[in-house]
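This report is for a reader who is new to the structure shown below.

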Amino acid sequence: QVQLVESGGGLVQAGGSLRLSCAASGRTGSINALAWYRQAPGKQRELVAGITVGGSTNYADSVKGRFTISRDNAKNTVYLQMNSLKPEDTAVYYCAGRYSVSFQAWGQGTQVTVSS
């Protein structure tokens, strides 16, 4: 079993920055990849960024050049550095982990609100 807990959300002005954290516990040795998703009311849920155990990363086109995903394996933690935030980035951000063969774990979500 894998458990994920997000933190770092909040309210920022457009152009500002936030750093989200996701701490993993449980069978962390079985984790294959970690990712950040986001969803706002009336909007499509989307994959924001992902990182594999080997360090490969991928980003949604809408956040490329602004967001950076990283990890600290010693702390079993993944981060999402969000710069140049826009009002359209407002959403609940969820940490997701893929482990074992094809299982998936989700965090409880953290709210990010960007004011214009």
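## Aspartate 61 and its partner

Aspartate 61 is exposed, at a relative accessible area of 66%; exposed means over 50%, buried under 20%, and partly exposed in between, with a 1.4 Å probe and protein chains only. Its side chain meets that of lysine 64 in a salt bridge, with 3.2 Å from N to O. A salt bridge here is a side-chain nitrogen of Lys or Arg within 4 Å of a carboxyl oxygen of Asp or Glu.

The model is predicted: local features need pLDDT of at least 70, side-chain atom pairs count only at pLDDT 80 or more, and totals for chains, interfaces and linings use all residues. Residues are numbered from 1 along each chain as its sequence is written, and side-chain values use heavy atoms, with hydrogens and water left out.

## The other salt bridges

By the salt-bridge rule the count is four. Arginine 66 pairs with aspartate 89, their closest N and O atoms lying 2.8 Å apart. Arginine 66 sits in the loop between strand S6 (57-59) and strand S7 (67-72), and aspartate 89 in the loop between strand S8 (77-82) and strand S9 (91-99), so this pair ties together parts that are 23 residues apart in sequence. Both partners count as buried: arginine 66 has 10% relative accessibility, and aspartate 89 has 0%.

Another salt bridge joins the side chains of arginine 38 and glutamate 46, at 2.6 Å from N to O. Arginine 38 is buried at 6% relative accessibility, whereas glutamate 46 is partly exposed at 26%. Arg38, Glu46, Arg66 and Asp89 are linked in a network of salt bridges.

## Threonine 77

Threonine 77 belongs to strand S8 and is buried, with 10% relative accessibility. Its side chain reaches the backbone oxygen of lysine 75 at 2.9 Å. Apart from neighbours within four places in sequence, threonine 77 is in contact (heavy atoms within 4.5 Å) with Ser21, Cys22, Ala23, Ser70, Arg71 and Asp72.

Strands are DSSP runs of E with at least two residues, and helices are runs of H or I with at least four, numbered from the N terminus. Four strands form an open antiparallel sheet in the order S1-S3-S8-S7. Strand S1 (2-7) and S7 are at the edges with a single partner strand each, so one side of each has no neighbour in the sheet. From one strand to the next, the twist averages 20 degrees, taken between N-to-C directions of lines fitted to C-alpha atoms, on a scale from 0 to 180 degrees.

Two strands count as paired if DSSP finds at least two bridges between them. Strand S3 (residues 18-26) is joined to S8 by six bridges, and the two run antiparallel. In this pairing, arginine 19 stands opposite glutamine 81 in S8.

## The protein as a whole

The protein has 11 strands and zero helices. Buried residues make up 40% of its 116 residues. Among contacts with a separation of 6 or more, 52% are between residues 24 or more positions apart.

The C-alpha trace spans about 40 × 25 × 20 Å along its principal axes.

Notes:
Polar contact = N/O pair within 3.5 Å; in protein donor to acceptor, adjacent residues only side chain to side chain.
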